[in-house]
Amino acid sequence: LITRSLRPAAVMMRRPDVLVRLTLIVLRDMVRSAWLVGKELLFKRNADIHSAFLRVPLDTRDPNALAGLAMIVCLTPGTAWAELSMDRSVLLLHVFELKDEQGMIDMIKTRYERPLMQIFEGAP
């Protein structure tokens, strides 16, 4: 009740089963990412770490799905939400160690964006 006015839109969860699966995926990814980032920081020289900004084209425009994606990205070590385009079609993401640009885009879209669309938009 206290935060109701801060919410971007009414929440209409269409697929709670997908939310459970997504939660498990995100938790696993967070642990794995923390391990990999820690390993990179401890054993690589700064010159050998390839940080970069990445533009991720988005299909969702739902404010709740975008808020969920923002939380996932910000909670996962090694990634940071930098900017969302005005029309909400492109996410600018900072990645601590970017080895495969297209692979990272595909991973974000399939592992996170698609389930969020299923949860909030009822997408197949």
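Me: Leaving aside neighbours within four places in sequence, which residues is Leu 93 in contact with?

Reply: Contact here means heavy atoms within 4.5 Å. With those neighbours set aside, Leu 93 touches Ala 52, Phe 53, Leu 54, Val 56, Val 73, Thr 79, Ala 80, Trp 81, Ala 82 and Ile 108. Before you go on: this is a predicted model, with local features needing pLDDT of at least 70, side-chain atom pairs counting only at pLDDT 80 or more, and totals for chains, interfaces and linings using all residues. Residues are numbered from 1 along each chain as its sequence is written, and side-chain values use heavy atoms, with hydrogens and water left out.

Me: What pattern does the chain follow along the sequence?

Reply: Helices (H or I, at least four residues) and strands (E, at least two) are DSSP runs, numbered from the N terminus. This chain has three helices and three strands, in the order α-β-α-β-β-α.

Me: Which residues touch the most other members of the largest nonpolar core?

Reply: A nonpolar core is a set of buried Ala, Val, Leu, Ile, Met, Phe, Trp, Tyr and Cys residues joined through side-chain atoms within 4.5 Å; buried means under 20% relative accessible area, with a 1.4 Å probe and protein chains only. In this one, Leu 54, Val 56, Leu 69 and Leu 93 touch the most others among the 22 residues. Over the chain, buried residues are 35% of the 124.

Me: Where does Ser 89 sit, and what does it touch?

Reply: Look at the loop between strand S2 (79-84) and strand S3 (90-95). Not counting residues up to four places away in sequence, Ser 89 touches Val 56, Pro 57, Leu 58 and Arg 61.

Me: How much space lies in the largest pocket?

Reply: Rolling a probe the size of a water molecule over the atoms shows where empty space is left. A pocket is an open set of points on a 1 Å grid over the protein atoms alone, where a 1.4 Å probe fits, with protein on both sides within 12 Å along at least five of seven lines; lining residues have an atom within 4 Å of a point. Points are joined across faces, edges and corners, and volume is the space filled by probe spheres set on them. Here that comes to about 620 Å³. Of its 24 lining residues, Arg 32, Ser 33, Leu 36, Met 104 and Met 107 are closest to the centre. Helix H1 (16-43), helix H2 (63-75) and helix H3 (101-121) are the elements giving two or more residues to that lining.

How values were computed: Buried means under 20% relative accessible area, exposed over 50%, partly exposed in between (1.4 Å probe, protein chains only).
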